[in-house]
Amino acid sequence: MKKNNYIYILIILSVILQCLFYNNTKLNYQYTFAIGITGLDNKLSISPMLMLLLPIFIEVFSFNENISDIINKNGKIYIIRNYSKIRLINKMIVYIITKIAVFTCLQIIIYSLLRGKLEDLSMYTNIRAIILYINIILAIALFEQIIQFYISSVYVVLITSIYIFLGVTIGILTKSLIVKFILFPSLTFGLYNGAVYSMKNYISNLIFVFVLNTFQYLYISFKFQKTDIY
């Protein structure tokens, strides 16, 4: 079985586990995976936090070695077939975005089937939260590609996962916008990025993430242009 098939199976299992876990708590959000949990209600308990991040950690694993594969394995074949480097990068980015979209659709379907409508949040609020959730996951995936230029892919998943965990947990504890931007995974969930309570904060965070993703894409393109294909 291919790696991608394993990943899809793992993401489905992780989201099902999420639903079952949150069904036994007072966290009654229909789409908890995008809305998040309140640190105050759970006193930052490690269990609900890890269950919240579990599918993201699996997604991080699925994005590992994308750049490494192009540079060290498949890139030369594509170059021989008259692929330009920028076309290779764009193809990789489209692949990542498609995978994130599929993952998110799986989460929405599973949550809709297993949890139903459990909160008073409007569909518009849920959509806002999911849009920023997708963009943050993309930002994480692009960040992961960048550090692959400098660090062996063996360590990339560990470093990225630690960064996500620190970003989310610290983001719950701080009100500093600068800290939240530096630790941008803190903006993943609707309770903390403004999607639920503050439209102004939501818009500013969405603009920041859009600029961040644009910068990361341009950096990856520039860096890859300067990198030899083996």
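Select helix H6 (residues 85-114) and helix H7 (residues 123-147): they pack at an angle of about 140°, with their axes 10 Å apart. Axes here are lines fitted to C-alpha atoms, for helices over the stretch in contact, and angles run from 0 to 180 degrees between N-to-C directions. Helices are DSSP runs of H or I of at least four residues, numbered from the N terminus. This is a predicted model, in which local features need pLDDT of at least 70, side-chain atom pairs count only at pLDDT 80 or more, and totals for chains, interfaces and linings use all residues. Residues are numbered from 1 along each chain as its sequence is written, and side-chain values use heavy atoms, with hydrogens and water left out.

Next, show the side chains between the two helices. In H6, pick Met92, Ile93, Ile96, Ile97, Ile100, Thr104, Gln107 and Ile108; they meet residues of H7 including Ile130, Tyr133, Ile134 and Ile137.

Now go to Ile86, also in H6. Ile86 is partly exposed, with a relative accessible area of 32% (partly exposed lies between buried, under 20%, and exposed, over 50%, with a 1.4 Å probe and protein chains only). Beyond its neighbours within four places in sequence, Ile86 is in contact (heavy atoms within 4.5 Å) with Tyr217, Ser221 and Gln225.

Finally, select helix H8 (residues 153-173). Its 21 residues, at 1.5 Å a residue, should span 30 Å, and the end C-alpha atoms are 31 Å apart, which agrees; the expected span is 1.5 Å times one less than the number of residues. Among the buried residues of H8 are Ser153, Val156, Tyr163 and Gly171.
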